Amino acid sequence: MRHGPAKHALRTVVALLVLVALAGGCSRSKPVPRPARLVVGITDEPDMLNDMFAQSKSSRLVNHCIYSRFVCWDDSMHLVPDLLTVIPSQTNGGISPDDLTYTYHLRHDARWHDGVPLTSADVLFTYQAMVDTANGAVDPSPFDEVDHAEAPDSFTVVFRLKEPYAAFVSAAFNEEDVLPKHVLEKLTGAGFRSAAYQRAPVGSGPFRFKEWVPGSHIALVRNEAYYKGAPGLDEIVFKIVPEASALALQAQAGDVDVVNGAECSQVAAFASQPRLRVLRTVSLSFDQLTFNCSGPVLRDGRVRQALAALTDRGALATQVYGEGCATPALSDASPLMPWYDPAADTANVYDVKRAARLLEGAGWRDTNGDGIRDRGGKPLRLEISTIAGRPARERVQVVLQQAWRAAGIDLQIHNYSGPEFFEILTNGQFQIALFGWQQEPDPAPMDQVYGSHSMPPVGQNFARFRDARLDSLTALGKRQSAPVLRNRIYREVEGILAREVPALPLVWLTENDVVPAELRGFRPSPTSAPDTWNVPAWRLERSQ
Amino acid sequence: MTRYALQRLAASVPLLLVISILCFGLLHLAPGGPFDRIGPNVHPEDVERLRRMMGLDDPLPVQYLKWLGRTLRGDLGTSLVTGERVDTMIRARLPATVELLGTSLVLSLVAGVALGVIAALHRGRLVDRVVGATSVLAQSVPVFWLGVVAIAVFAARLGWLPTGGRGTPGEKFSPGDYLLHLLLPVLVLTFVQIPQWSRTMRASLLDVLGDEHVRAARARGLSEARIILRHALPPALVPVITLLGLQVPVVFTGAAITETVFAWPGIGRLFYEGALRFDYWRLMGLLLVASVLVVGGNLAADLTNARLDPRIRFQGKQ
């Protein structure tokens, strides 16, 4: 008798669970034709669907599906036109001989998702919205280089720059979305950032916005009227799964089709599933040691060269980051770049004997026999810092500590939280900093990284490196739009960096994307362009 | 009773004020800020411009007073990250959290109280030991690990249940699909929450069973069932009600870890993601709501206990 109610309750619970399972099962097994829907798993929820304000990578991933832009980097690091009929150059007359006037011709067949034609008025509106500080655009560059802009007709836009800026053609409306004037002109101003539009946009790209369920997903549907032809997928859903291991499980279970930027440690598990395909792309993201050249020890170029010669980057790539997860970065120019200089790659090869010679030449010898080199009674003690909690970088520190110790250098490890780390980078309270960089296919930002006018907090010359020749070359390169001359300039810059070693690139990181085996056309770009740069070409073989 | 309730309410106002000052101070003590994610290519003067625009260049006391003024007018401000109104963000996420936490709270409460009573009535016997050991296990297992294992087994390997989310994204809402998505996170949360109820209930009931009034009831020859249901259980529930008062606010403030593992779009995740991005006004809004609920929950629990236990009323009249 006492167990009667308990048994009854148990039976009820089991019956309910069976009902729930059946209800779910029934809804799953409906014989409806499957749309060509792709579910892309992302760990970060986009902040806004407008790159004028968005700071997260996932926003760019989605925005590339919704909006159009002038140009984009493809997977071979070539600049390809999107809204343009042709990319301006001096050869085709799009760039004036004085490198100041850029003339853009827009396609005539582009329309907004509400059917209104996209014209030069939209481009001018977007430019003005970017530079009007009342709107609060996060980064108005490169439009801060523009003196004035005009639209001589509905499909031509002319930008006149304040001074020559060779990167303008690759930068203008590459990361920025062209925005619809007819929707937004009454919304600009202080409240623009908070407008409902930022979460329910009208674009002109291959996919139309369908819904954004906060914390859950963003759904887009095919734009049948897309000017390059309707895309191959019916729908694309960006599913937000904030935890990486949970995302991996979702992909294994088939609840997520694409994992954008899967962790290297998960690749083997994905690769073992015949339903999935893993694409490994050597990206332009790289880990680097930045030497503080203003410090008493590292001011001496010979010491920096010695440290470079003591760093076996091939071994770091395979043994620390893992086979296939990274490739040695022998300079900060990828071999895919037109300004890549092979000579720079051989300047600092792993050579322990050379390192010893350099250190001795700089006066660092082990005079007291304690295994650590010293000079003027002071031991050769250095400190390396990174952001705590990044396992691969922390392993690099330990490997370097052991390798450099064998050469008589006492390397101490002192790591920080992210904000603290960037604080020491900015205030110069570090000796060697290990962190990641993103190389751009255009070398123009080089002056921001190594120019003597770019010392923090104004610029990013965290190495506090000063070289007059590099300054003049990067200033020249920034203005020079002729590709041959430009490449020659930046090759020389690479030579200076290889010789002076203000920083030591370690490895190019591999980006791992997991996609369904039946997905075609997915070609991730090694650049910072999101993987959706060519989303119109994606198609599922199973789609009907 | 009404006067007591009003007094407690009045005392809550300065308490909430102090909590908000502490929260505001602590959020700003943490190194970093909402512009940490801005790319390194952005000019520092542009970052400064954004700080000014968002009012983050004011001294901290001024920022706090402005927030307080806005909040008293019913405006929790806008997110520094998404530009959305904070109250809109909270409203959008609240249903998901209440469904998940509310269901698991009810299930764990019912199961926990039942197990606690059973364990107390079988003190020292096998049932008691099994309940005790399971409780220790459930309390010791990290919910993150349990969640991942549950997904790996029941979703990824067996394919019985979905791996996460509140429904199949992009598809029309169906009750079956929704319940299937709810099941796994609810079971995980229920499992880890049961011990707090069962242990509290067991200890309290054992305590009450030794009381004089229970011994007197037995001496009067009342049936064991009547003694337990009428004389032991109501006063034994007092600590459970107190605990419930503390737990009810959690139903509205979410379970960040469970929501993160199961991609459940709730309040806990809203807070966690806001903390990662230093979204001060979102965090302050959420902390304020949580504080009001905790203070209110405590008050409600005290008032309920006063009704359940005559001794509390008696002390109140003294």
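Biologist: Is B:L293 buried, partly exposed or exposed in this structure?

Modeller: The model is a predicted one. A residue is called buried if 20 or more other C-beta atoms lie within 10 Å of its own, and exposed if 12 or fewer do. B:L293 has 17 C-beta neighbours inside 10 Å, and therefore counts as partly exposed.

Biologist: In which helix of chain B is B:L293 placed, and which residues does B:L293 touch?

Modeller: B:L293 belongs to helix α13 of chain B, which covers residues 280-308. When residues up to four places away in sequence are not counted, B:L293 touches B:P249, B:F252 and B:T253.

Biologist: How far apart are B:L293 and B:G112 in sequence and in space?

Modeller: In sequence, 181 residues separate B:L293 from B:G112; in space, their C-alpha atoms are 23 Å apart.

Biologist: How many residues does each chain bring to the contact between chain A and chain B?

Modeller: Chain B provides 47 residues and chain A provides 49 residues. On the side of chain B that touches chain A, the helices that each supply at least two residues include α2 (44-53), α4 (86-121) and α7 (175-209). The most comes from α7(B), with 6 residues. By class, this side of chain B has 24 nonpolar, 13 polar and 10 charged residues.

Biologist: Which residues touch the most other members of the largest nonpolar core?

Modeller: They are A:L220 and A:V507, in a core of 206 residues. The largest share of this core, 13 residues, is from α7(B). Beyond its neighbours within four places in sequence, A:L220 is in contact with residues including A:C65, A:I66, A:F207 and A:I236.

Note on methods. Residues are numbered from 1 along each chain as its sequence is written. Chains are lettered from A and ligands numbered from 1 in the order in which they are written. This is a predicted model: local features need pLDDT of at least 70, side-chain atom pairs count only at pLDDT 80 or more; totals for chains, interfaces and linings use all residues. Helices (H or I, at least four residues) and strands (E, at least two) are DSSP runs, numbered from the N terminus. Two residues are in contact if their C-beta atoms, placed from the backbone, lie within 7 Å. Ala, Val, Leu, Ile, Met, Phe, Trp, Tyr, Cys and Pro count as nonpolar, Asp, Glu, Lys and Arg as charged, and the others, Gly among them, as polar. A nonpolar core is a set of buried Ala, Val, Leu, Ile, Met, Phe, Trp, Tyr and Cys residues joined through C-beta atoms within 7 Å.
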